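Visitor: Could you take me through a few local features of this model, giving the general idea before each case?

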Amino acid sequence: MRRHRGVLLTAALLAQLAAGPAHAAPAAGWEEAGQCGVVRSGDAPLGGAEVTLYQAGEGPGGRARVLARGRSGGDGRFSLDYRRPRDPRAVLYVLADLGRPAARAPQGGPAQGGSAQGGPAQGGPVTLAAVLSGAGAPPELVVNERTTVAAAYALARFTGPDGVAGSSPGLQNGAALAHNLADTGTGGIAPLLASAPNGALTSTLAEFNTLANLLATCVSGDSCDRLLDLARRPGRERPRNTLLAAVDIAHDPGHNAAELFALAATADRYRPALPAAPDAWTVALRYDGNGHELDGPGNIAFDPDGNAWVSNNYRYGADPAVPVCGADTVLKFTPTGQDAPGAPYRGGGLYGAGFGITVDAKGSAWVANFGFQGRGCPLNPAPLERSVSQFAPDGTALSPREGWRGAGIVQPQGMAADRSGTVWVANCGSDSVARIPDGDATRAREIAVPGLHKPFGAAVDPAGRLWVSGNGSDSVQVVGPDGSPERTVTGAGLRRPLAVATDSRGNAWVSNSGILPVPCGDTTAADLADALGGEDGPRPGTSVTMIGPDGTAAPGPFTNGGLFLPWGVAVDGDDTVWVANFGGHRVARLCGVDLSACPPGVRTGEPISPPDTGYTSDGLERNTGIQIDPSGNVWLANNWRTVPIQANPGGHELVVLVGAAAPVATPLLGGGRRP
């Protein structure tokens, strides 16, 4: 065999090529290909591993099937010949099982029985993995503990005892994300994780290495039972192998965190490693786009392909002491954190967007132009804070130069869209709501809501009703699909409420900051900074309120799970509730209404994340927006920094908790929905 353009060519294929084009065509929908690689633990080769190449992402449920099998030699090396599917949705991954005799594929062709359903073969406890799809195939694929952790986390919500299965785009995006963690060509740290804004700037790289060391304790053969016992999620089956152990840890990262660290410390294959146990094994990646565009990201909205549209408070400035004016761009990131083609986008009336951004049923992105700007900006924000902007999926501005105006839009904040195409706007500066039917801004109208003061967060439930928080009135207002005010909810712990999210059963979840006045009307960003003061701990009134579809609040409110200064709220595909905190460098995760998705004995509103700390990360900083993508990644906006003068307090990153949540169908058009 010899190589051609980085692909292993079989003798049979070489003969076909020599015979000329008339004899070289592969079977319909396929092309002959091959892949060589090596199985390692650290620098040590692992011989005798059965190596199996699987394809997932096609057919009903996107279940996996076997494409090829081989066995690693004494030097750990293997080669696989197969027919590569032409379907771009196909996800290829490799499992290396060190626990049983191999069943080789015939030489010179794909594995027999390639149409059979495929999953990890049941044998010994050591199974390593690597994702082949989502990046260019390396000349030599490395399968080791690092690539296994990357696959386990990125595909956590698609991997089980029967293999990898899932639908588009979540499965495909997850496969691509694995390459942000591990380099499958070297078995080392991927460039994105190795460099700023990650690398030495956060503990994630060391945590990732520690997880790899944890798996290595089993590969060495003396700690497998201990690993599998500790990784087992409460109420679930014991994982069968190292890959499934890592998947279980990704699902419940706070379970047995200290004990898992103590086990990992007995292996020293990958450095640097954590010096002390984390409160949870969440893997937090930071994205900063091109490095000079994010400045005060406010919120996130996903399109049908899992791309993230992001509102931005300020024009980028690296020095927080130098005044900046409001951002005149909207950002769009691919599922793996790169700028989408042509992004960031300008025009359409953009200026100083805050918390308001949504994607409608037709794929258009909408941005609320709040008028944020740093102290010292010479512009008068008054004429710039009275519009919303609309963009086509390719970033073309659909709104006029001055934005869509009217309908009481003044200092707009939260936005939401429903399945019918209606777009809603919370008019923080005019104490009203704007309804834009069918996404046609020329037909927008203002809806006056008596008693609603400083409307801020907005969400639509499965019935198409709008739920909007009143930060200045300590209330939540429910508005019917046609714009008729239905009911006002007060009490129930509502205190300086901010974001609202709805679940699949029509319940609304509201974050109560307790102390934070939103900077609209007679309140400024300086007032918000004064309210923050120091960061000694959670503040009075900090909680989350759950309100049923009929407007009745659940007993509570809920006050644990690591809540500090709750701001953004998101509900995942299991109806689990995720809360961003504007302090404390943490995320809270609460049990939702589907108790089957929670650990045994945990009830609605009780914490899944560690109750005292939540999921902490030194990569998080004053988070506002939180949303969940179709792969189950939790995205957060590092919105703000505490600086002496509010000249440019904007944060500069998005943070992604890889594989932490149940995937959600996007865009959000009324309650959390599975893809």
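**Reading backbone and helix features**

Guide: Asp-438 lies in the loop between β25 (432-436) and β26 (445-448), where strands (E, at least two residues) and helices (H or I, at least four residues) are DSSP runs numbered from the N terminus. This is a predicted model, in which local features need pLDDT of at least 70, side-chain atom pairs count only at pLDDT 80 or more, and totals for chains, interfaces and linings use all residues. Residues are numbered from 1 along each chain as its sequence is written, and side-chain values use heavy atoms, with hydrogens and water left out.

Visitor: Which peptide bond is cis, with omega about 5°?

Guide: That bond joins Ser-168 and Pro-169, and Pro-169 is placed in the loop between β12 (163-164) and α3 (170-177).

Visitor: At what angle do the axes of helix α5 and helix α8 cross?

Guide: Axes are lines fitted to C-alpha atoms, for helices over the stretch in contact, and angles run from 0 to 180 degrees between N-to-C directions. The axes of α5 (residues 204-219) and α8 (residues 257-264) come within 8 Å and cross at roughly 70°, which makes α5 roughly perpendicular to α8; angles under 35 degrees count as roughly parallel, over 145 as roughly antiparallel, 65 to 115 as roughly perpendicular and the rest as oblique.
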